[in-house]
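Please walk me through the side-chain interactions of this protein.

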Amino acid sequence: MENKVENPLFSIIIPHKNSAALLARLIESIPHDFPCEILVVDDNSSASTIEELRGLRFPSSVRLIMIGEPGGNAGRARNLGLRHARSPWIVFADADDVFTEAMPSALLSAASDTAADIVYFDVTSRNEVGETSYRHCTYSNLVRNAVDANGVEELRYRHTPPWAKMFSRAFLKRIDARFDEVPASNDIYFSIFCAHNAALVRTCSDIVYVVSQRSGSITNTISTTNLLSKFESALKVNSFLKSEGKSKFQHSIIYFLYRTFTRNPYLGMVLLYRSVRAGNNPLIGARKLLSPIRTLQQRESR
């Protein structure tokens, strides 16, 4: 599927794996006359899913890019999408989420500010039965509170997903921004690295994106492999923040230690040792233990 739109203003990059029906729902939430190219990067889906994809009636703005090799991940798919993107502005979406009706006008208005490197938008979330969920709360509050220098700094270093933002493609190329190609948390370092290097960030109060809270998503699949991947990503981000004099924004690793200890105490001790050796303070965020349920919800929504 090699459809192309002439001179698109936005490139919407969507990593996809075995979720054709949800992908179709996401694409349906993008108006056909919106000036964009939609880059769907398929990460080695099953043969039946590929057949289903090819049978869907996508608009002419959709380009389906096939990785076709085992062992991939969303980070690799997003990086491939970046290499194919042709538009001045880059937008990321997950295949199981949707855009709101406010998205087109909000993005078009924001695109008029050609000096911005990143624009952040408000966001909401829904669970599997369509009820408002909690997954958006942290990020929505960051956008709403970015009304002064302190709020903008919090936004830069704590808003870790790539969705509900638009990035200047020239800016991403200039800083050579890439996603980590790992099983989970591929986007955390990318988001913080970009925000740290952005000369100018803007915010928009319009809610443009709906995050899905699904039990089977990568975010909520708490396997040992995903735990280790998230732990390594947290160490990488913390090392970067420390080197840039932003230690106060380092991520807590207590969640990873707790989850690992409950499964494999020896592995938990190994992670604790690695954390201390890497210069991380394992007690960062310890006060959150006073409200463990809320903390688990926040960590498992990232």
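Which residue forms a salt bridge with Arg-63? The partner is Glu-37, and the closest N and O atoms are 3.6 Å apart. A salt bridge here is a side-chain nitrogen of Lys or Arg within 4 Å of a carboxyl oxygen of Asp or Glu. The pair links distant parts of the chain, with Arg-63 in strand S3 (residues 62-66) and Glu-37 in strand S2, 26 residues apart. Helices (H or I, at least four residues) and strands (E, at least two) are DSSP runs, numbered from the N terminus. Both Arg-63 and Glu-37 are buried. Buried means under 20% relative accessible area, exposed means over 50%, and partly exposed lies in between (1.4 Å probe, protein chains only).

A word on the source. This is a predicted model, where local features need pLDDT of at least 70, side-chain atom pairs count only at pLDDT 80 or more, and totals for chains, interfaces and linings use all residues. Residues are numbered from 1 along each chain as its sequence is written, and side-chain values use heavy atoms, with hydrogens and water left out.

Back to the charges. Side chains of opposite charge can pair when their charged atoms come close. By the salt-bridge rule the count comes to 13. Among them is the bridge between Arg-202 and Asp-113, at 2.5 Å from N to O. Arg-202 lies in strand S8 (residues 201-213), while Asp-113 lies in the loop between helix H4 (103-110) and strand S6 (118-127), so this bridge ties together parts that are 89 residues apart in sequence. Arg-202 counts as partly exposed because its relative accessible area is 38%.

Glu-154 pairs with Arg-158, and their closest N and O atoms are 2.8 Å apart. The two are separated by about one helical turn, because they are four residues apart in helix H6. Glu-154 is partly exposed at 31% relative accessibility. Arg-158 is partly exposed as well, at 32%. Elsewhere, salt bridges that share partners join Glu-37, Arg-63 and Arg-86 into one network.

What follows helix H6? His-159 is found in the loop between helix H6 (149-158) and strand S7 (165-168). His-159 has 0% relative accessibility, so this residue counts as buried. Which residues does His-159 touch, not counting those up to four places away in sequence? They are Tyr-120, Tyr-139, Leu-142, Val-143, Glu-154, Lys-165 and Ser-191. Contact means heavy atoms within 4.5 Å.

Now the rings. Rings of Phe, Tyr and Trp (its six-membered ring) pair if their centres lie within 6.5 Å; planes under 30 degrees apart count as stacked, over 60 as edge-to-face and the rest as tilted. By this rule the count comes to 14 aromatic pairs. One of them joins Phe-92 and Phe-179, edge-to-face, at 5.1 Å centre to centre with 80° between the planes. Phe-92 lies in strand S4 (residues 89-92) and Phe-179 in the loop between helix H7 (169-175) and helix H8 (188-197), so the pair ties together parts that are 87 residues apart in sequence. Phe-92 is buried at 1% relative accessibility. Phe-179 is buried too, at 4%.

Compare the geometry of Tyr-189 and Phe-193. These rings are stacked, 5.6 Å centre to centre, with 15° between the planes. Tyr-189 and Phe-193 are four residues apart in helix H8, so about one helical turn separates them. Tyr-189 is buried, with a relative accessible area of 18%. Phe-193 is also buried, at 18%.

Ring pairs also link Phe-92, Phe-167, Phe-179 and Phe-190 into a cluster.

Finally, the backbone. Where is Asn-44? Asn-44 lies in the loop between strand S2 (36-42) and helix H2 (47-55). Its phi is near 60°, a positive value in a residue other than glycine. Asn-44 is partly exposed at 28% relative accessibility. Ser-185 also has phi near 60°. Ser-185 lies in the loop between H7 and H8, and counts as buried at 12% relative accessibility.
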